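Subject: Structure for you to look at

Hello,

Please find the structure below, with the sequence alongside. My notes on what was found follow it.

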Amino acid sequence: MSLAGMRVFIVEDETMILIVLEDSLATMGFEVVASALELDEALAKAAQITCDVAVLDINIAGRSVEPVANLLESRGIPFVFASGYGRAALPVRHGGRPLLTKPYNAEALRAALLKVLAKSEADA
Amino acid sequence: MAAPKRAHSASVHLIYLALIVAGPLLLLVGALLWRSVALERGQLERRVLQVLEALVADLDRDVDRRLTILQTLATSPSLAAEDWPAFHAQAREGLQGKGYLVLVDAAGRQLVNTYLPYGAAPALTGDPETLRRVRETGRPVVSDLFISLATRQPVYNVSIPVRRDGTLRYVVSIGLTPADLHAILEGQSLDPRWTLTIWDGNGRILSRSRDQGRLLGTAVPGDLRASPLGRITRLALDGEDNFVAVGQGEWSNWRAAVAFPASLIDSQVQESLLLWGLTIVLVAGLVVVFAWLFGRALTSPLRAATAAAGALGRGEPFELRESRIVEVNAVIAALLRAQREVEQSSAALRRSEEQLRTAAEAAEFGAHHYDVAADRTERSPQFLKILGATSGDQTATFDAGMGYVHPDDREATRRRKQEILAGGDGGRYQLEYRIRRTDGVVRWVLDRGQVMRDPSSGRALQVVGVVLDITDLKAAEQRHRLLLDELNHRVKNTLAIVQALAQQTLRNTADPDAFAAAFEARLGSLARAHDLLTRDSWRGAPLGEVVSAALAPFVAADHRVSIAGPAVTIPPTATVTLSLMLHELATNAAKYGALAESMGALDISWTIADNGATVEIHLCWLERDGPAVVPPTRQGFGSRLLATGARQLGGQVELTYEATGLRCALRFIVPTSSG
């Protein structure tokens, strides 16, 4: 499937990583519709934005991104997690979601996004 | 092993001993008493026989005397001359009133009777039996009792024959009254208890020491009359038992009886028996009393020693006094020795226990001991302290013990403990679980112990173990794990940032040398930020130092740089981002701005506004005296980093390209530092 024009929402509390992520996703053809660097902002945006997929850093300035994940899940928006922590850091409810372990490369990111998008499409 | 004999108290044994000793002595006393009674009786019997003998002898002597008188008279010339009046006178004179003389011829005619005046004698003899017996035997005869024709009273005769030429011519008799006999009885001089009786050949009483008047001439009792001669018999006379001996004189067929009351001997027997009985009772009483007293003297120190031994066994104190029994004193000495030894060893034990307890308290481990068969756990005071329980919970069942285990760990712990009890793995165990104290506080404990088994069956008998509160250890372990996780996270995060820096640097730099220089510079700023953070254990860094560190590589000696602002601490992630932002500003200043010229000036100043939980920082970056300012045509990496970084810091950035130099106003928020 083509990633061109897919709208993506990023939650990442680290400036440099966010910038690179935006660039990488743009290179892959995504349209970065929104990004959030802290949790309250992320929650506000997750409730409103229109997007096809999301990349969620698990630990946002010491707080869990789980509320955002729950919100996105309830809206039927697929997402992948990214974290410097291991799989144990995944919220239990979202234990089955793809996890990108930092530092990750662009290929891993693309594969994970493709996977959730394909699954989302299949479910739809 | 043989069944033990029945045990008795020492008193009983002493009673046995005394009875064994006293029994034969009592028998001996009895035998002696019996012998003395027998002797008494023998003496009495001999006395009866002696009295009888004397009486019979007196009777015989009396007859002898009469016979002598008769024989003297028989030789009288007046008799030979048949001068009866003369003979009458002579006889009367010769007798001197002791009886009277009767002379009869062979035909029984009375010739002389001195009881009467001469010539007044009855015609015939009143005692023809004597005449018959004299004629028959030819010897002197003592008659039975008969009624005299002359006196009209009961009398008896002592008679001799008078022969002439071998032919019986006369019989000469002395007539005597029973009163004459009675004198003989009285002559025995016996005390009134004696009864003497004389009876004739017809069994009629001639004389009696008592009741003479009443009984004279009456028949003597048949059994007395039938008694054998010269032997002691026992007969009832006058209504009482008597020892009786019967004898017969030489001259007559009379019999004499001597009687003495048996009651004397009987009472002696009774007295002896009574004495013996009293002796037995007294001896038995004394035996029992003294046996009891001695037994008590023996057993009371023994009882005291027994009680002391019991007290020793229970570990209680006791006191013992010396007794008067050597063997008991040996026991007491042994007990006192044992007491000293027990005291010494228990003092040593107490010391050792105290040391162990002190060690246990110092180590804060609680000991427990579980008796499997009794289902009973005993807990040490320290264990109770760990549980937050009172001394009332010093003992408990297995299930009650499980009640302290946190519900989340309870089933697993119970299962593990049951597996441990069931056995298999040596019996040594180590468990970690949570407990809920009585005050509701949840603590982690380490439970280590050893199961002790019956060597033959392998069945668990006891479990001994210690429990240690490892809550702090667990917390430290958790902190350690968290720290490791955090470190892992940071390293990975940092690597991700490095990766991002590399990618961005690469994206904006074509020339490898330029890439290397820019990348190294950016890594350098990242490293300095980390240095700052490490200095204060990653809690944050002072803003002034963050700024100084970011500028350091770019400031030359002839630059005019001022850094001014109140002290404020920037949190770790913000420090990294702020360092990168300041680095981009400084890089830009060094390339195109104030730091590119030798005399350029850079003023960095900030103010803070404390909002309680957060502090708002207004930082102003102002360049002066640099090259002419040319605003960029497109947004480069630097401005993008500033914008995004400001968002990360929860603030805003504003870049102004003034003629005098770049002005950057950064407003952001940090939490109020706790330090």
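**The sheet in chain B**

Chain B has an open sheet of five strands, ordered E8-E7-E11-E10-E9, and their pairing is antiparallel. At its edges are E8(B), residues 205–208, and E9(B), residues 232–237, each of which pairs on one side only. Ignoring direction, neighbouring strands of this sheet are turned by 30° against each other on average. Please keep in mind that this is a predicted model.

Within the sheet, E10(B) (residues 240–248) and E11(B) (residues 255–261) run antiparallel and are joined by seven bridges. Val244(B) has Ala259(B) of E11(B) opposite. Helix H5(B), residues 178–187, packs on this sheet, where it touches E7(B) (195–199) and E8(B). The direction of H5(B) makes about 40° with that of E8(B).

**The sheet in chain A**

Chain A also has an open sheet of five strands, in the order E2-E1-E3-E6-E7, but here the pairing is parallel. E2(A) (31–36) and E7(A) (99–101) stand at the edges with a single partner strand each, so one side of each has no neighbour in the sheet. From one strand to the next, the twist averages 20°.

Four bridges pair E3(A) (residues 53–57) with E6(A) (residues 79–83) in the parallel sense. Ala54(A) stands opposite Phe79(A), which belongs to E6(A).

H1(A), residues 15–28, lies across E1(A) (7–11), E2(A) and E3(A), and runs at about 165° to E2(A). H2(A), residues 39–48, lies across E1(A) and E2(A), at about 140° to E2(A).

**A 65-residue helix in chain B**

Helix H1(B) covers residues 10–74, which makes 65 residues. From its first C-alpha to its last it reaches 93 Å, close to the 96 Å expected at 1.5 Å a residue. H1(B) has a kink of about 30° at Ala22(B), shortly before the proline Pro24(B).

**Where the chains meet**

Which residues make the contact between the chains? Chain B gives 24 residues and chain A gives 16. On the side of chain B that touches chain A, the elements giving two or more residues are the helices H13(B) (471–508), H16(B) (572–592) and H17(B) (637–648). H13(B) provides the largest share of that side, 14 residues. By type, the residues on this side of chain B are seven nonpolar, 12 polar and five charged.

Regards

Definitions and conventions:
Residues are numbered from 1 along each chain as its sequence is written. Chains are lettered from A and ligands numbered from 1 in the order in which they are written. This is a predicted model: local features need pLDDT of at least 70, side-chain atom pairs count only at pLDDT 80 or more; totals for chains, interfaces and linings use all residues. Two residues are in contact if their C-beta atoms, placed from the backbone, lie within 7 Å. Ala, Val, Leu, Ile, Met, Phe, Trp, Tyr, Cys and Pro count as nonpolar, Asp, Glu, Lys and Arg as charged, and the others, Gly among them, as polar. The expected span of a helix is 1.5 Å times one less than its number of residues. The bend at a residue is the angle between axes fitted to the seven residues ending there and the seven starting there. Two strands pair if DSSP finds at least two bridges between them. Axes are lines fitted to C-alpha atoms, for helices over the stretch in contact, and angles run from 0 to 180 degrees between N-to-C directions.
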